Amino acid sequence: MMNYKSHRSVEGKLSLDIIVGLTIFLLSFVFIIQYIPTIFASERSEIALYPLAYRISALLVEDPGYWSNGSVNGTDWENYYSLPDVEVRPGLMGPEANVLDSDKIDALKNFYLSAGEDELRRALGLETPDRKFGFNISLQLLSSNSSNPAYSTNGSQPLLLIGNPIPDWKDVAKYERIIAFENTSSVSNISSRVDTPNTVNYNFIVTPPVGSFVIVILDRNDNQSATDPWMRVDVDGNRVIDVSGNDTIGTFDLTNIINQRSGTVNVDVQVHNVRGYVISTNAGEYIGGRIVAKLVVAVW
Amino acid sequence: MTLEGVIAAVLILSVAYFLFQSTMIISPVSDEVVYVQMRQYGQDALTILNNESGAEDTLQYVLKRINSTYVPDKLLSSLEKLLPDYTDFNLQVYYVNLTTNKIEVYNITNRIPTSTTVTASTYLVIRNGAFVDDSPFKLNSSGIEGPNNNVPILLEVRLTLWRV
């Protein structure tokens with residue numbers, strides 16, 4: 001009987017152990033729920049940023065762009081971006097993917113300068129109702145990297161460098177695409193012809209570092225097909241190329257030889273019975289018969 | 001109904017509610033981002049080199065001249081310039097051998113890759129007459145009626161990339 005009474009007296013009561021245990025458990029549970037998202041915070045922002053950087057690079061490299069004023073539209077947005085009531089989606093593609101149109105590159109630069117950062121951000125789809133993304137878009141040499149960026153230049157100005165400086169205090173997604181310029185001569189400082197049926201000296205004065213210095217001999221000259229062609233090239237008085245006959249036909253890349261020197265470099269090209277040209281540029285490297293650089297898109 | 005039962009029910013319901021409300025987060029390892037970018041480099045490099053300019057480092061120029069002795073050093077040197085320093089690569093050509101009716105592989109380079117690689121590829125169509133006589137891709141006249149110089153030959157160039 002006593003046992004029965006004492007048993008009844010604890011029914012429905014909560015022991016101190018359970019309350020303490022439950023409190024600790026609930027506090028830990030709330031803490032973990034609040035803490036877990038912050039563990040993934042940096043990864044989560046990268047998840048959102050990388051597709052943006054990829055999408056912009058793809059739109060610029062693989063699409064010629066688009067403009068519309070409601071009744072008329074087209075892909076030659078570079079001719080219409082400055083007109084009122086025109087919606088523009090910039091794209092830089094020329095005749096094929098990865099080959100950029102120089103006029104569109106200039107137009108993108110001017111669009112940024114005239115319409116402003118906010119307008120270009122909207123055109124690139126980098127503005128959502130709750131966030132404005134920062135961006136930086138540039139053309140860089142293949143050897144360029146984040147710690148030491150080397151921009152593609154024509155003269156002393158970067159061919160394309162728009163947007164804000166890339167911050168080093170937050171997560172930045174960077175995506176790179178390899179591109180070629182459609183028109184070699186539009187991005188070359190010199191594009192001189194080496195074209196003679198006789199023996200001629202051509203002199204080039206170059207200041208290293210250069211993106212590319214290449215002599216391209218396409219063929220023998222048409223007028224004297226019977227005479228064997230030859231070519232001798234001296235860099236600051238040192239003979240670096242001495243070829244004759246069929247060995248003369250080809251591409252001769254002097255970029256590394258010139259970049260190993262300092263100050264002003266004299267390149268003397270003596271040719272006989274050839275047809276070709278010399279490309280000297282800081283816009284990129286001469287690869288696959290075209291000037292090649294990379295488009296770098298950074299988003300944060 | 002005991003107190004423990006009620007607490008357990010509340011706990012299970014709150015966990016279920018939390019799971020269904022929260023977004024599923026699948027965080028990419030930083031490696032994957034690197035490999036996506038690496039494959040893009042490879043694809044872009046092949047696109048740049050797949051052109052008809054006639055330059056000695058283009059795929060067209062090299063594939064027309066390839067035989068057992070031809071070394072496409074300018075193409076390989078251009079690929080090294082196009083791809084970042086932290087990568088190495090293998091270049092292979094896949095083609096249909098009409099004598100054996102099998103897809104065969106011609107290895108332009110035969111380096112040893114690491115366990116994780118990415119592959120980019122591009123297709124080319126070259127006229128049979130444009131290949132050198134001892135080209136592995138050239139079609140023999142047997143089995144084809146008439147002159148076979150204009151028969152189009154389809155080649156797939158695969159660029160396998162890995163980190164070094």
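Which residue takes a positive phi in the hairpin of E1(B) and E2(B)? The residue is Asn101(B), with phi near 60°, and the hairpin has four residues between its strands. The model is predicted: local features need pLDDT of at least 70, side-chain atom pairs count only at pLDDT 80 or more, and totals for chains, interfaces and linings use all residues. Residues are numbered from 1 along each chain as its sequence is written, while chains are lettered from A and ligands numbered from 1 in the order in which they are written.

The strands of chain B are described next. Helices (H or I, at least four residues) and strands (E, at least two) are DSSP runs, numbered from the N terminus. Strands pair if DSSP finds at least two bridges between them. Strand E1 of chain B spans residues 87–97. E1(B) is joined by six bridges to strand E2 (residues 102–107) of chain B, and the two run antiparallel. Within this pairing, Tyr94(B) has Val105(B) as its bridge partner in E2(B). E1(B) is also joined to strand E4 (residues 152–163) of chain B, by nine bridges and again antiparallel. Here Leu91(B) stands opposite Leu159(B) of E4(B).

Helices of chain B follow. Leu63(B) belongs to helix H3 (residues 59–65) of chain B. A residue is buried if 20 or more other C-beta atoms lie within 10 Å of its own, exposed if 12 or fewer, and partly exposed in between, with C-beta atoms placed from the backbone. Leu63(B) counts as buried because it has 25 C-beta neighbours inside 10 Å. Residues are in contact if their C-beta atoms, placed from the backbone, lie within 7 Å. Leaving aside neighbours within four places in sequence, Leu63(B) contacts Val93(B), Leu124(B), Ile126(B) and Leu155(B). Leu63(B) and Ala8(B) are 55 residues apart in sequence, and their C-alpha atoms are 71 Å apart in space. In H4(B), the buried residues include Leu75(B), Ser78(B), Leu79(B) and Leu82(B). They cover an arc of only 100° around the axis, so they sit on the same side of H4(B). The arc is that of the directions from the helix axis to the C-beta atoms.

The two chains meet through 24 residues of chain B and 23 residues of chain A. On the side of chain B that touches chain A, helix H1 (3–21), helix H2 (30–49) and helix H4 (73–82) of chain B are the elements that give two or more residues. H2(B) provides the largest share, nine residues. By class, this side of chain B has 11 nonpolar, nine polar and four charged residues. Ala, Val, Leu, Ile, Met, Phe, Trp, Tyr, Cys and Pro count as nonpolar, Asp, Glu, Lys and Arg as charged, and the others, Gly among them, as polar.

Chain A contains six helices and 19 strands. Of its 300 residues, 34% count as buried. Among contacts in chain A between residues at least 6 apart in sequence, 72% join residues at least 24 apart. Chain A is divided into domain 1 (42–183 + 294–299) and domain 2 (190–281). The bounds come from an automatic or database domain assignment. The C-alpha centres of these domains of chain A lie 36 Å apart.

Three strands of chain A form an open antiparallel sheet in the order E2-E1-E3. Strand E2 (73–74) and strand E3 (87–90) of chain A stand at the edges with a single partner strand each, so one side of each is left without a neighbour in the sheet. Four bridges join strand E1 (residues 65–68) of chain A to E3(A). Ser68(A) has Glu87(A) as its bridge partner in E3(A).

Strand E17 (residues 265–281) of chain A is mostly covered, with 13 of its 17 residues buried. E17(A) pairs antiparallel with strand E13 (residues 212–220) of chain A over eight bridges. Val214(A) has Ile279(A) as its bridge partner in E17(A). Strand E14 (residues 230–235) of chain A pairs with E17(A) over six bridges, also antiparallel. Met231(A) stands opposite Val271(A) of E17(A).

A nonpolar core is a set of buried Ala, Val, Leu, Ile, Met, Phe, Trp, Tyr and Cys residues joined through C-beta atoms within 7 Å. The largest has 88 residues, of which Val297(A) and Ala45(B) touch the most other members. Strand E19 (residues 290–299) of chain A gives the most to this core, eight residues. Domain 1 and domain 2 of chain A both give residues to this core, so it lies between them. Not counting residues up to four places away in sequence, Val297(A) touches Ala53(A), Ile56(A), Ser57(A), Ile137(A) and Tyr175(A).
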